[in-house]
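Subject: Structure handover

Dear colleague,

Here is the structure you asked about. My notes on what was found in it follow below.

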Amino acid sequence: MARNIEIKAHANSFKRQLAAGEELSDQPLATLIQEDTFFNVPDGRLKLREFPDSPAMLIFYNRIDTQGPKLSDYHITETNDGAGLKSVLTKAYGIRAIVKKERSLYMSGRTRLHFDQVENLGEFIELEVVLSNDDSIEGGEAEAQDLMSKLNIQAQDLIDVAYVDLLEQV
């Protein structure tokens, strides 16, 4: 099991916040085109993440839907047969929704800075402070709070749900 502390927020000034993310980053920008197919499951969230030119990833995660930094437990496996896996999961569980996005990814130490343009939703920022087994939740939360301040993420910008949940509200 892997875990991180994450936040998700509406971008209040996407270009300015993206530039701030570049200043904080210790690696070059990576741009990712992602299509996440969410499946109907009784607990947590299960999605198949597909990319145009790389293996797909099956991701299961659990987290409490609250605003601000929160713990997320997740499991990831890669597959070279995304279409086949999608077919099986669709037959077994049914598709809940599909989220399409362009993600600009920067890294700041152990934290992933995601600047997302989500189809039919808009522009968002997601921070994921990756925790090792020895890292404290409180330390991850403090790091997320510090980066929120540096990226000008305000309390009113925070959202407590996943993109799939927002899409269902549209």
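Helices and strands here are DSSP runs numbered from the N terminus, a helix having at least four residues and a strand at least two. Please keep in mind that this is a predicted model.

With that numbering, the loop between β7 and β8 is where Asn-120 is found. Its phi is near 70°, which is a positive value in a residue other than glycine. Asn-120 counts as exposed because its relative accessibility is 61%, and the cut-off for exposed is over 50%.

Asn-152 also has a positive phi, near 55°, and is likewise a residue other than glycine. It is found in the loop between α3 and β9. At 29% relative accessibility, Asn-152 counts as partly exposed.

Next, the helix that comes before Asn-152. Helix α3 covers residues 137-150, and its 14 residues should span 20 Å at 1.5 Å a residue. Which residues of α3 are buried? They are Gly-140, Ala-144, Leu-147 and Met-148. These residues cover an arc of only 105° around the axis, and therefore lie on the same side of α3.

Helix α2 can be read in the same manner. It runs over residues 82-93, and its twelve residues should span 16 Å at 1.5 Å a residue. Its end C-alpha atoms are 16 Å apart, which agrees. Gly-82, Lys-86 and Leu-89 are the buried residues of α2. Because they cover an arc of only 70° around the axis, they sit on the same side of α2. What do the buried residues of α2 pack against? The partners are β2 (30-39), β3 (45-50), β4 (56-63) and β5 (70-79). Ala-83, Val-88, Lys-91 and Ala-92 are exposed on the other side of α2. After α2 comes Gly-94, with a positive phi near 85°.

Asn-4 has its place in β1, which covers residues 2-10. Is Asn-4 buried or exposed? Its relative accessible area is 2%, and buried means under 20%, so Asn-4 is buried. Leaving aside residues up to four places away in sequence, Asn-4 touches Lys-70, Leu-71, Ser-72, Tyr-74, Arg-112, Glu-128, Val-129, Val-130 and Leu-131.

How many of the lining residues are nonpolar, polar and charged? There are 13 nonpolar, four polar and eleven charged residues in the lining.

Regards

Note on methods. Residues are numbered from 1 along each chain as its sequence is written. This is a predicted model: local features need pLDDT of at least 70, side-chain atom pairs count only at pLDDT 80 or more; totals for chains, interfaces and linings use all residues. Side-chain values use heavy atoms; hydrogens and water are left out. The expected span of a helix is 1.5 Å times one less than its number of residues. Buried means under 20% relative accessible area, exposed over 50%, partly exposed in between (1.4 Å probe, protein chains only). The arc is that of the directions from the helix axis to the C-beta atoms. Contact means heavy atoms within 4.5 Å. Ala, Val, Leu, Ile, Met, Phe, Trp, Tyr, Cys and Pro count as nonpolar, Asp, Glu, Lys and Arg as charged, and the others, Gly among them, as polar.
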